[in-house]
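Please keep the sequence and the model in view while reading.

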Amino acid sequence: MKQLGITDSAFINLEHPNNPQHVGSFGIYDQSTAPGGKVRFKQLIAHFEHQVKKLPLFRTRLINSPGGFARPYWHVDEDFDVEFHVRHIAVPKPGDWRQLCILMARLHSRPIDMSRPLWEVYVIEGLDNVEGLPKGCFVIFSKLHHSLVDGGGGAECMQAIHDLE
C-alpha cells in the first residue's frame with residue numbers, strides 16, 4: 001500500500017456529489033482504419049486490460065485510515081474487473097452532436113464509485129448522424145479522479161489508453 005500525498009488527499013477530501021473531483025476527455029475513432037475495418041467491444045476490453053497492466057495505479061482503490069486521522073492509501077484491488085470500468089453505450093436518436101454532448105455531460109456529472117479504482121471509460125456508438133464524422137466511428141469518453149492523475153500523469157494515461165494501435 002502507498003499513502004496518498006497531500007494534494008491527492010485534498011482531492012479526495014473535496015469530493016462531493018455537487019463538486020466531483022474527476023476530469024474527463026474523449027477521443028473519436030474511425031474504425032474503418034482498423035485491421036478488417038471493424039473494432040469489436042471485446043477487442044477494446046482486451047486492449048484496456050492489457051494497457052491497465054502497464055499502469056498499476058489503475059488497478060488500485062482507496063483504503064481510508066481508521067477514524068480518518070491519516071491520509072488514505074492506494075491498495076491493489078484483488079477483485080479488479082476491467083469490464084466494470086469499460087462500458088458500452090450508444091447515443092440516443094437522432095445520434096447527432098447535441099445528443100453526444102448531452103450524453104457525455106450526463107456521464108461526466110455522475111460521481112465515480114469511490115469504493116473501486118477511480119476511473120471509468122465509455123465506448124459510445126451510434127454517431128452516424130454527427131456531421132463531419134465518418135460512418136461507424138465511435139467515441140471513447142474517459143473519467144479519471146483527479147487524485148489518480150495530475151497533468152503529466154493524465155497525459156501519460158491518455159497516451160496509453162488512446163494509443164494508435
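## Basis of the model

The model is predicted: local features need pLDDT of at least 70 and side-chain atom pairs pLDDT 80 or more, while totals for chains, interfaces and linings use all residues. Residues are numbered from 1 along each chain as its sequence is written, and side-chain values use heavy atoms, leaving out hydrogens and water.

## The sheet

Strands count as paired if DSSP finds at least two bridges between them. Four bridges link β3 with β4 (residues 73-76), and Arg61 lies opposite His75 in β4.

## Lys2

Lys2 belongs to strand β1 (residues 2-3). Its relative accessibility is 61%, so Lys2 counts as exposed; exposed means over 50% relative accessible area, buried under 20%, and partly exposed in between (1.4 Å probe, protein chains only).

Beyond its neighbours within four places in sequence, Lys2 contacts Pro72, Tyr73 and Trp74, a contact being heavy atoms within 4.5 Å.

## Helix α2

A helix is a DSSP run of H or I of at least four residues. In α2, the buried residues include Leu44, Ile45, Phe48 and Val52. On the other side of α2, Lys42 and Lys53 are exposed.

Conventions: Helix = DSSP H or I, 4+ residues; strand = E, 2+ residues; numbered from the N terminus.
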